[in-house]
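Open the model and keep the sequence beside it. We will go through it one part at a time.

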Amino acid sequence: MNLNKCSVPEETENQEDKIMKKVLSIILAMMMVLFAAAAFAAPATLASVKEKGELVIATSPDFPPFETLSGDGSVTGIEMELAAKIAEKMGVKLTVEQVNFDSILMGVMNGSYDAGISGFSVTEERKKNVLFTDPYCMAAQAIVVVEGSPIAAKADLEGKLISVQTGSTAELYCMQNGYNVESYSSNVDAQMAVQNGTVDAWVIDDLTAAEMVKANNKKEGKKLVVLSEAMTAEPYAFAFAKESGDLVEAINGYVHEMVADGTVAAIFEKYEAPYTAPEAAK
Ligand code: ARG
């Protein structure tokens with residue numbers, strides 16, 4: 001009988017072999033899944049969008065008249081119509097993903113979405129991380145207060161508490177200018193905060209302010225007022241990953257076309273929103 005400790009009975013060797021093979025095949029399968037996920041998450045190019053036949057955009061539908069959730073769960077609004085037109089011009093289907101505003105740009109950068117279409121104001125800070133199309137309209141930040149509030153202008157905001165949306169230019173502006181800020185992930189909650197007196201004022205993009213205040217004032221309860229003094233002027237554009245240069249170039253062609261031929265203005269009119277063309281298009 002062989003008592004050499006190193007020798008392993010035939011059976012066990014087979015058993016170990018089998019286990020080893022199983023482990024290797026599991027590792028291989030895991031690697032394949034990871035590779036597939038990495039390939040899937042690569043930022044979009046013109047070719048990749050055309051190849052999959054789909055443009056996947058991310059939006060935060062708490063921003064009328066640009067994107068709102070309708071009764072059936074779909075997202076409607078000015079930007080959704082623009083996105084649908086762009087997809088149509090590209091000959092691809094449009095898929096709309098609903099995402100918290102402050103997570104959109106990260107998802108665009110890592111390739112989870114082809115574009116961020118969510119009332120994005122073009123800023124130098126954002127341009128470090130994403131590519132913007134040329135702007136299609138101009139907007140501004142507005143101040144909203146409850147009726148009868150002592151705040152009547154920007155100067156009255158000093159020392160007051162202001163609600164803003166997390167990750168928005170309103171948040172950035174208010175923080176950079178030394179205001180006391182309370183950030184909310186949803187605009188609906190930012191509005192609620194001013195309404196119930198948790199904060200003194202709400203800073204939000206002007207057209208959305210007008211729309212949300214109008215809807216609010218139709219209901220019972222405290223009325224809201226949009227102050228006439230705007231805080232900033234901001235161009236809106238669509239955001240893409242840095243790697244999506246050719247896609248942005250193609251979409252810029254459509255944006256210019258739609259600004260020039262009045263398509264954009266007509267969509268604003270449909271939503272009864274005053275349209276200010278971007279500086280470059282004037
Ligand atoms: N224009 C502002 C910004 O770029 C706010 C946009 C908010 N958009 C939204 N869908 N909630 O930060």
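A residue is called buried if 20 or more other C-beta atoms lie within 10 Å of its own, exposed if 12 or fewer do, and partly exposed in between, with C-beta atoms placed from the backbone. This is a predicted model, so local features need pLDDT of at least 70, side-chain atom pairs count only at pLDDT 80 or more, and totals for chains, interfaces and linings use all residues. Residues are numbered from 1 along each chain as its sequence is written.

Start with helix H3 (78-90). Helices (H or I, at least four residues) and strands (E, at least two) are DSSP runs, numbered from the N terminus. The buried residues of H3 are Ile78, Glu79, Met80, Leu82, Ala83, Ile86 and Ala87. Their cover includes strand E1 (54-59), E3, strand E4 (75-76), strand E5 (93-98), H9 and H10. H3 has 13 residues and reaches 19 Å from its first C-alpha to its last, close to the 18 Å expected at 1.5 Å a residue. That expected span is 1.5 Å times one less than the number of residues. After H3 comes Gly91, with a positive phi near 75°.

Now turn to helix H9 (residues 245-260). Its 16 residues should span 22 Å at 1.5 Å a residue, and its end C-alpha atoms are 22 Å apart, which agrees. Leu247, Val248, Ile251, Val255 and Val259 are buried in H9. They cover an arc of only 95° around the axis (taken from the directions from the helix axis to the C-beta atoms), which puts them on the same side of H9. An α-helix has 3.6 residues a turn, so residues three or four places apart point the same way. The face of H9 turned away from the buried side carries the exposed residues Glu249 and Ala260. The buried residues of H9 pack against helix H2 (46-52), H3, strand E7 (130-132), strand E15 (239-241) and helix H10 (263-270). Contact here means C-beta atoms, placed from the backbone, within 7 Å. Just after H9, Gly262 takes a positive phi of about 85°.

Next, the domains. The domain assignment gives domain 1 (46-138 + 236-281) and domain 2 (141-226). Such bounds come from an automatic or database domain assignment. The two centres, taken over C-alpha atoms, are separated by 25 Å. In all, 11 residues of domain 1 are in contact with 14 residues of domain 2. On the side of domain 1 that touches domain 2, strand E2 (62-63) and helix H4 (101-109) each supply at least two residues.

Where does the ligand lie? Both domains give residues to the shell around the ligand, so it lies between them. The shell has 14 residues, and the closest are Phe63, Gly119, Ser121, Ser168 and Thr169. By class, the shell has 3 nonpolar, 8 polar and 3 charged residues. Ala, Val, Leu, Ile, Met, Phe, Trp, Tyr, Cys and Pro count as nonpolar, Asp, Glu, Lys and Arg as charged, and the others, Gly among them, as polar.

Some local details remain. Gly167 lies in the loop between strand E10 (161-165) and helix H6 (169-176). Leaving aside neighbours within four places in sequence, Gly167 is in contact with Phe101 and Asp102. The peptide bond from Pro64 to Pro65 is cis, with omega near 0°. Glu272 is not a glycine, although its phi is positive, about 55°.

Terms used: Near = placed C-beta within 6 Å. Contact = placed C-beta atoms within 7 Å.
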